[in-house]
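Dear colleague,

I am passing on a structure that I would like you to look over when you have time. The sequence and the coordinates come first, and my notes come after them.

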Amino acid sequence: MSLSGPQVRRLDERLGARSRDLTPQQYLNFLKSPSGALELEELINAVVVHKTDLFRDEVQLAAFRFQVLTPLVERARRPLRVWSAGCATGEEVATLLVLLAEAGADPGSTVLGTDISAHALRRAQGLGFTDEQLRRVPPGSRERYFVPAGPRMALVPALRERASFQLHNLMDTPYPAPAGGGGFDVIFCRNVLIYFTGEAFQRTVEVLAGSLLPGGTLVLSSSEPLLQLPPSLRVLRGEQAFFYVRAEESSGASGGEGLPAFPVPKRPSGSVAVVGTPASPPVSGDEARRRAATAASALDVTPRKGPASSPTAADVTEADRLFAGVLDGTSSGGTEDAAEKDLRRCLALDPDHSAARYLLALLLEQGSRPLEAGIEYLRALQSLEAGRARPVPFFLNPARLQVACAHAVERLEAATRGGR
């Protein structure tokens, strides 16, 4: 995992509380021993993030239903095999079971949920949820597919029996396989890879791709569009979401009918992945201003003040086209230099295109140009805090993008202080 400064501090605090009088090496030896198995499970439960809801990211799920699930049900006419990797306490498993039922999938269709936390899986097995966790479920679906179960609402038994759960760490092979063997039709792995180092990210994507049937679909979160995909995958891009499809064996081509994903330059060892921070709390306007001002001082950067002249409708359309082209590689040709050029053209058309500015900053940071990256993160944060930035389809929404930019500002500020 690639941890930010605050995450490292939280981990240190929990390790200190749990290791008691043991030295770090003694505690590590204990965790590796048979007698430390329970302690390891409790430590994992203390540090992993399991806050989630049913029907999280409704826009992406609607696109998945329209672009992937409905055509798959009509084409396959057989039980489907779906895997929720990093299922936490079962919210995504329940969501997928409801989507399968609503799409008319074969009643034999199943969903496997896996997670690194045994504690989370024990909670997941009941598939019971609070009203807060169910708040995004459409009213009709809630009435049809959930029944009272004490203080919670549980998935109806007919759907609950189609779920199974398995303890699995994505760093371990072999990966799970459907009952009867073969691959999965769909794999959901959302808001998991963002925590991994570059090497672990790439390795996991390759193994996930190999766990799909030909024509199967890998679904990542909207905050994880920056992948160096294995040759077997192609990008399926719609107006609202990206999906990654394993090429049919008969196609013999890595790209299929889709388009290659934009490759991200390899991160230096020990660097932090910053393509989203979904588990982080929202950042207030005052806090965003404080971080921007602090980092501006540390980086010797003065953020741009005041709004730019409003772009025309044609400018906005062209800016979004350039940004989308960089994400899927069409306009940039998949090279970093071309991508940087296209992103700067996008920002010349729409200076408050904060998604493009964030992506440009990410490229600059990973290209060992931290001062330039800091300028772009700060400008993106200023636009977001002032409410000038527009939402961009299939990318981070402004609130989540503001969190990502604020964390990047904090990270660069700390790195700059440390280098002085």
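Predicted model: local features only at pLDDT ≥ 70, side-chain atom pairs only at ≥ 80, totals over all residues.

Residues are numbered from 1 along each chain as its sequence is written, and side-chain values use heavy atoms, with hydrogens and water left out.

H12 covers residues 336–349, and its 14 residues reach 20 Å from the first C-alpha to the last, close to the 20 Å expected at 1.5 Å a residue; the expected span is 1.5 Å times one less than the number of residues. The buried residues of H12 are Ala339, Glu340, Asp342, Leu343, Cys346 and Leu347, where buried means under 20% relative accessible area, exposed over 50%, and partly exposed in between, with a 1.4 Å probe and protein chains only. Seen down the axis of H12, these buried residues fall within an arc of 165°, so they line one face of the helix; the arc is that of the directions from the helix axis to the C-beta atoms. The face of H12 turned away from the buried side carries the exposed residues Asp337, Lys341 and Ala348. As background, an α-helix has 3.6 residues a turn, so residues three or four places apart point the same way.

Helix H13 (residues 354–366) has 13 residues and reaches 18 Å from its first C-alpha to its last, close to the 18 Å expected at 1.5 Å a residue. H13 is mostly covered, with 13 of its 13 residues buried. Just after H13, Ser368 takes a positive phi of about 60°.

Turning to charged pairs, the structure holds 22 salt bridges, each being a side-chain nitrogen of Lys or Arg within 4 Å of a carboxyl oxygen of Asp or Glu. In one of them, Arg135 pairs with Asp53, the closest N and O atoms being 3.0 Å apart. Arg135 lies in the loop between strand E3 (128–129) and helix H7 (139–145), and Asp53 in the loop between helix H3 (37–47) and helix H4 (58–76), so the pair ties together parts that are 82 residues apart in sequence. Arg135 is partly exposed, with a relative accessible area of 41%, whereas Asp53 is buried, at 9%.

Another salt bridge joins Glu376 and Arg357, with the closest N and O atoms 2.5 Å apart. Glu376 lies in helix H14 (residues 370–385) and Arg357 in H13, so this pair ties together parts that are 19 residues apart in sequence, and both Glu376 and Arg357 are buried. Glu372 forms a salt bridge with Arg369, the closest N and O atoms being 3.0 Å apart; Glu372 counts as partly exposed at 33% relative accessibility, as does Arg369 at 29%. Salt bridges that share partners join Glu340, Arg344, Arg357, Arg369, Glu372 and Glu376 into one network.

Val219 and Val186 are 33 residues apart in sequence and 7.5 Å apart in space, C-alpha to C-alpha. Leaving aside residues up to four places away in sequence, Val219 touches Gln60, Phe64, Val186, Ile187, Phe188, Cys189, Arg190 and Phe243, where contact means heavy atoms within 4.5 Å. Thr217 also lies in strand E8 and counts as buried at 5% relative accessibility.

Finally, of the 58 residues in the largest nonpolar core, Trp83, Phe323 and Tyr377 touch the most other members, a nonpolar core being a set of buried Ala, Val, Leu, Ile, Met, Phe, Trp, Tyr and Cys residues joined through side-chain atoms within 4.5 Å. The largest share of this core, nine residues, comes from H13. A second, separate core of 40 residues includes Leu80, Ala124, Phe129 and Val219.

With best regards

Conventions: Helix = DSSP H or I, 4+ residues; strand = E, 2+ residues; numbered from the N terminus.
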